[in-house]
Amino acid sequence: MITRICLAALCAFLVPFSSWAQPKVKDLIRQAPSYASCNYYIYPDSITKPLTPSPEGKKPFYISHYGRHGSRYISSRSGYDIPYIMIQEADSLEELTPEGEKVLQEMNTIMRNTENRWGELTGFGKRQLQNIGQRMAERFPEVLCPGATVTGISTTVPRCIESMGACLMQMLQVCPQLKVTMTSSHRNQWYMNHQDRQLRRYMTPEAKKAYETYIANRLGNTRLMEIIFKNPDIVKEVVDEDQFNYYLMKMGLFQLHINYNQSTYLMTLFDTDDLYLMWQIDNASWYIQHGACKLNGGHQPYSQRYLLRQIIADADSCIRLERPGAQLRFGHETVLLPLVCLIGVNGFDLETDNLGELEEKGWWCSSVFPMGCNLQFIFYRSDPKDQDVLFKVLLNEEEATLPLQPVSGPYYRWSDFRQYCLDKLSK
């Protein structure tokens, strides 16, 4: 039986400052239960907030982007097997209540429908990327105009390749005269999906102790056990309450990403408080893994140093061109989250050794990396000779802040940001 101590590691592979931050998270979960699932959060696809007009005389001319694939099936069967095998063993002991039998029947359906589709892009995920591409083309017609070059690069994972295709082909629907190229090659993996082996050893003794203390009173679900099993005390031999609760919730939440099976029955077993506790557990785990967590040295975001240098080098090159167009990169949340933390988007460069501060200080990973998440750098100038290049960052298509002095609103000088990043990387 896997111990509680290993829960964070399993999750990794499946897996404004104010006093009202805590209830706000619960409110978000109450409105959208999938927010509780962190990196399995459904992309907020109704982007309605208008963009801030650019400074006088400045026009968009180049887009640099890194985005995650759209909604997918769970990446491996193991996440489903954990609760599935437990409930099957309880059933063999005739320990399921009528509600428990209904749960097992639903799980049987899920296992049958998802078999051998592990990690694949869903139809829902494809539409997400189409919508993102549509909005990008409609929001920035000065960049994505007839004759403009759009370069797509993806990791070699099929769901990322399909996401790239869905996004760029939709752009062509808006502007058929775009010059589109798409590439997926192992030659680009060194920056597109770099997983630093040394930094992946994130659970130091100090971090492990703090994490275990933090999650100790957030695990388990006695109420759920009583709903599903006739004698919860008896089935403890075959059912680990902590893991059964956690992974059954994940199983239910994942169904929201699968277009042909929108059954939400499993979600009726959980209330907002159950989901909120799971979010707290996952949020702390993701911070230790990829945030500037002092408990393990605070260096985790530097796993994306190669990607940041490539983004800077590409931008420097494209700024020299009269019509640079767009460079769109498609990859994974374990790249985008540390990148956001590395450059300090929306205060995600937060450094702390107190996991209890994360929620209060706005470090909410669900807001960064839902399925389909993306980071867009939109560049502005008056003409090709203009050396005073400005840019802004959109996180999931909404204007974001950086730890720099803006020129106005969400607009920053590229030279300031470039120097800030290079100074940080040189350390």
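These legends describe close-up views of aromatic rings in a predicted model.

**View 1. Trp286 pairs with Phe369.** The structure holds 22 aromatic pairs. Trp286 belongs to helix H12, residues 272-290. Phe369 sits in the loop between strand S6 (351-352) and strand S7 (374-381). The two residues are 83 apart in sequence, so the pair ties together separate parts of the chain. Both Trp286 and Phe369 are buried.

**View 2. Tyr380 pairs with Tyr411.** The ring centres of Tyr380 and Tyr411 are 5.1 Å apart. Their planes stand at 85 degrees, so this pair is edge-to-face. Tyr380 is part of strand S7. Tyr411 lies in the loop between strand S9 (398-399) and strand S10 (412-413). The pair links distant parts of the chain, 31 residues apart. Tyr380 is buried, and Tyr411 is buried as well.

**View 3. Ring pairs build a cluster.** Phe61, Tyr62, Phe377 and Phe379 are among its members. Phe391, Tyr412, Trp414 and Phe417 also belong to the cluster. Ring pairs link these residues.

**View 4. Arg381 lies over Phe61.** Arg381 is placed over the face of the Phe61 ring. The distance to the ring centre is 3.8 Å. Phe61 also belongs to the cluster of linked rings, together with residues including Tyr62 and Trp414.

**View 5. Arg305 lies over Tyr306.** Here Arg305 sits over the face of Tyr306. The distance to the ring centre is 4.7 Å.

Note on methods:
Residues are numbered from 1 along each chain as its sequence is written. This is a predicted model: local features need pLDDT of at least 70, side-chain atom pairs count only at pLDDT 80 or more; totals for chains, interfaces and linings use all residues. Side-chain values use heavy atoms; hydrogens and water are left out. Rings of Phe, Tyr and Trp (its six-membered ring) pair if their centres lie within 6.5 Å; planes under 30 degrees apart count as stacked, over 60 as edge-to-face and the rest as tilted. Helices (H or I, at least four residues) and strands (E, at least two) are DSSP runs, numbered from the N terminus. Buried means under 20% relative accessible area, exposed over 50%, partly exposed in between (1.4 Å probe, protein chains only). A charge sits over a ring if NZ of Lys or CZ of Arg is within 6 Å of the ring centre and within 35 degrees of the ring normal.
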